[in-house]
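User: I have a structure here that I have not looked at before. Can you walk me through it?
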Amino acid sequence: MTTLAPGQTIGILGDGQLGRMMAIAAAELGFKTHIFGQEKNSPAAQVANANTIADYTDKAALRKFASSVDVVTLEFENIPTDTLNFLSPLVPVRPGRKVLEITQDRHLEKSFVNNLGVPTAPFANVESLEELRQAVERIGTPAILKTRRDGYDGKGQVKISSATEIDKAWEALGGKASILEGFVPFELEISIVAARDIHGNVATYCPVENRHKNHILDVTIAPANILSAVSKHATELATKIVQNLDLVGLVAVEMFVARDGDVLVNELAPRPHNSGHWTIEACTTSQFRQSIRAAAGLSLGDPTAHSNALMRNLIGDDADHWNDILQHPEMSLHLYGKAESRPGRKMGHVTRLFPLNVPPKV
């Protein structure tokens, strides 16, 4: 098992804002970073030591990339699994192919979680219009039809409120392999970021509440205002998942807290997560430092929060108000270096800290 020393290079697949904050954390720990992505002047490349711009299937570029780094990690989960399969004989890859195979496919992911005895919303695999009709008859409405692959921030999904909307929903998703999920009445959405090192040790951050706007995360409140028993149970579920994934790195476990206090797992993301950005200011070890420590083969840092926090995303032209935000000294501003502001695009975030005995004010 490879353990890196300061001065060595971490390769990061993906060049967005998560890679940017990972590269900053790596530099703070004395590591160099090499970004492999597809965008010129990307957020991650702006703060890295080296940058390769190529398709994730370009074997010549991947081979050259592998020869220049000491370990490879990733900043988003939709990297082709064949890419990791190609890189793995050349350089340690953390997390590996197995993790992506599970988390890239909603049906495999939910089946994996259920097989651990971890509850989810009821779901059914759907590969044809007739299978969708049968699934709606079995699960009922309202329900959500989601593509098995490539959906995020509300993309690749449509709500079915009644059986009369089945044909329209199937057409809206282009007839792609999907899953139908039963609608879960819940009190709030929470997530837990969990880390696992090369020796199997696990560290978890406290559960946080996530509030969305237009299917995009708007605000994260840390910690979530839930009963201690619910927090403990959710943390135990996240720990079970990260251990059984055999993951080295981070996984964010998104969950619903039902009205009766039960916890249902919604989705997994095997990387730093938007709902963990608050950890930069509020925790002994941020999620980004934690991801670098895991990838480098180091022991995990302490995830304990020394403050409560409120994190708000800056979407689209929200980031144009950067100067107004800076007039508030209690605010910590992070901008991602994206050249173009578009509706629905995450341009940055801002975090405010509160004492541990003071609930964050939204």
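This is a predicted model: local features need pLDDT of at least 70, side-chain atom pairs count only at pLDDT 80 or more; totals for chains, interfaces and linings use all residues.

User: How many bridges do S11 and S12 pair over, and in which sense?

Analyst: S11 and strand S12, residues 216-222, are paired over 5 bridges in the antiparallel sense.

User: How many residues sit between the strands in that hairpin?

Analyst: The hairpin of S11 and S12 has 2 residues between the strands, and Asn214 takes a positive phi near 55 degrees there.

User: And which strand does S9 join?

Analyst: Strand S9 (residues 186-196) is joined to strand S11 (residues 208-213) by 3 bridges, and the two run antiparallel. Ile190 stands opposite Glu209 in S11.

User: Zooming out, how many helices and strands are there in the protein chain?

Analyst: The protein chain has 11 helices and 17 strands. Its radius of gyration is 20 Å, close to the 21 Å from the globule rule for 362 residues, so the chain is as compact as a globular protein of that length.

User: What share of the residues is buried?

Analyst: Buried residues account for 54% of the 362 in the protein chain. The protein chain exposes about 15,900 Å², with 49% of that supplied by carbon and sulfur atoms.

Note on methods: Residues are numbered from 1 along each chain as its sequence is written. Side-chain values use heavy atoms; hydrogens and water are left out. Two strands pair if DSSP finds at least two bridges between them. Helices (H or I, at least four residues) and strands (E, at least two) are DSSP runs, numbered from the N terminus. The radius of gyration is taken over C-alpha atoms; the globule rule is 2.2 Å times the number of residues to the power 0.38. Buried means under 20% relative accessible area, exposed over 50%, partly exposed in between (1.4 Å probe, protein chains only). Accessible areas come from the Shrake-Rupley method with a 1.4 Å probe; for residues, only the protein chains shown count as cover.
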